[in-house]
Amino acid sequence: MKLYYKQGACSLASHIILNEIGANFELDEVDTAKGETKSGRDYKTINPNGYVPALELDSGEILTEGPAILQYIAALNGETNLIAKQGTIEQTRIQQHLNYAGTELHHAFGPLFSSSITETEKQQAKANVARKFDYLNKLFSDGRTYVMGDNFTVADAYLFVVSNWSNFVGIDLTQWPRISTYAERVSKRPATQTALKTEGLI
Ligand SMILES: N[C@@H](CCC(=O)N[C@@H](CS)C(=O)NCC(=O)O)C(=O)O
């Protein structure tokens with residue numbers, strides 16, 4: 001398997017889950033601006049949408065869209081509890097959190113990575129991110145360790161990566177103490193540490 005990634009991007013979640021399952025995999029870094037991989041491939045031939053992550057299977061088949069990739073990887077190792085059985089309320093909840101991570105939190109961060117954003121737009125985007133964090137912070141008010149309870153799942157990998165972007169866009173995550181503690185907890189997992197080191201983030 002080969003993961004096409006960009007340093008610290010949402011592809012980091014797939015990288016973490018590959019480590020969590022103990023997968024044998026390669027990495028190829030993508031310069032999304034140039035549309036090229038480090039190995040010299042035209043990235044449009046891998047993902048026509050131009051964004052990371054993409055996962056190339058040993059069969060040559062390519063998977064795209066982070067949440068789908070995360071669940072595919074997790075299912076490769078039945079010894080882990082990174083996802084739940086299809087059709088159960090637990091799996092639906094994991095989907096709920098993955099969807100929140102992607103279409104709400106990740107989406108809210110989007111404008112903050114644009115080089116053409118105005119100061120007013122930046123403040124609006126930050127306020128929007130804050131609303132998304134408020135919801136997540138409340139979720140943790142029952143003292144849960146991970147978003148699903150005691151068990152770390154694919155949703156935590158994605159939520160961690162997106163929460164961690166706060167450091168790159170001038171948002172102080174300690175405004176949401178439970179999220180800040182949670183992000184710290186996920187960052188300490190050996191699989192996360194390895195991924196962060198490999199991507200040159202620590
Ligand atoms: N819907 C896609 C979105 C992926 C996405 O937004 N990827 C970003 C990085 S987090 C990207 O590659 N953006 C292009 C760029 O950074 O130039 C997914 O969930 O996989």
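How many of the 10 residues of H2 are buried? I counted seven of the 10, so H2 is largely enclosed by the rest of the structure. I worked from a predicted model, in which local features need pLDDT of at least 70, side-chain atom pairs count only at pLDDT 80 or more, and totals for chains, interfaces and linings use all residues. Residues are numbered from 1 along each chain as its sequence is written.

**Entry: terms**

I called a residue buried if 20 or more other C-beta atoms lie within 10 Å of its own, exposed if 12 or fewer, and partly exposed in between, with C-beta atoms placed from the backbone. Helices (H or I, at least four residues) and strands (E, at least two) are DSSP runs numbered from the N terminus.

**Entry: helix H2**

I listed the buried residues of H2 as Gly 66, Pro 67, Ile 69, Leu 70, Gln 71, Ile 73 and Ala 74. They pack against H1, strand E4 (54-56), strand E5 (62-64), H3 and H5.

I then looked at Glu 65, which lies in the loop between E5 and H2. Glu 65 has a positive phi of about 80° although it is not a glycine. I found 14 C-beta neighbours inside 10 Å, so Glu 65 counts as partly exposed.

**Entry: helix H1**

I found H1 mostly covered, with 10 of its 10 residues buried. Among them are His 15, Asn 19 and Glu 20. The cover over the buried residues of H1 includes strand E1 (2-5), E4, H2, H5 and H8. Just after H1, I noted Gly 22 with a positive phi of about 70°.

I checked H1 against H2 next. Their axes come within 9 Å and cross at roughly 0° (axes are lines fitted to C-alpha atoms, for helices over the stretch in contact, and angles run from 0 to 180 degrees between N-to-C directions). H1 and H2 are therefore roughly parallel to each other; that label covers angles under 35 degrees, while over 145 is roughly antiparallel, 65 to 115 roughly perpendicular and the rest oblique. Ala 13, Ser 14, Ile 17 and Leu 18 of H1 meet Gly 66, Ile 69, Leu 70, Ile 73 and Ala 74 of H2. I sorted the residues of this contact into seven nonpolar, two polar and no charged. For the classes, Ala, Val, Leu, Ile, Met, Phe, Trp, Tyr, Cys and Pro count as nonpolar, Asp, Glu, Lys and Arg as charged, and the others, Gly among them, as polar.

**Entry: domains**

I noted domain 1 (2-80 + 192-198) and domain 2 (89-189), with bounds from an automatic or database domain assignment. Their centres, taken over C-alpha atoms, are 21 Å apart. The contact takes 12 residues from domain 1 and 11 residues from domain 2. Which elements give two or more residues to the side of domain 1 that touches domain 2? They are helix H1 (11-20), helix H2 (66-75) and helix H8 (190-198). H2 gives the largest share of that side, five residues. By class, I have eight nonpolar, four polar and no charged residues on that side of domain 1.

**Entry: H3 and H5**

I looked up helix H3 (residues 89-109) and helix H5 (residues 154-164), whose axes come within 9 Å and cross at roughly 15°. That makes H3 roughly parallel to H5. The contact of H3 with H5 has 10 nonpolar, three polar and no charged residues. The residues of H3 that meet H5 include Ile 94, His 97 and Phe 109.

Is Ala 101 buried or exposed? With 29 C-beta neighbours inside 10 Å, Ala 101 counts as buried. Ala 101 sits in helix H3. Leaving aside neighbours within four places in sequence, I have Ala 101 in contact with His 106, Ala 155, Tyr 158, Leu 159 and Val 162. Ala 101 and Val 162 are 61 residues apart in sequence and 7.3 Å apart in space, C-alpha to C-alpha.

**Entry: two loops**

I found a cis peptide bond joining Val 52 and Pro 53, with omega about 5°. Pro 53 lies in the loop between strand E3 (36-37) and E4.

Gln 175 is in the loop between helix H6 (166-169) and helix H7 (177-187). I counted 13 C-beta neighbours inside 10 Å, so Gln 175 is partly exposed.

Technical notes:
Two residues are in contact if their C-beta atoms, placed from the backbone, lie within 7 Å.
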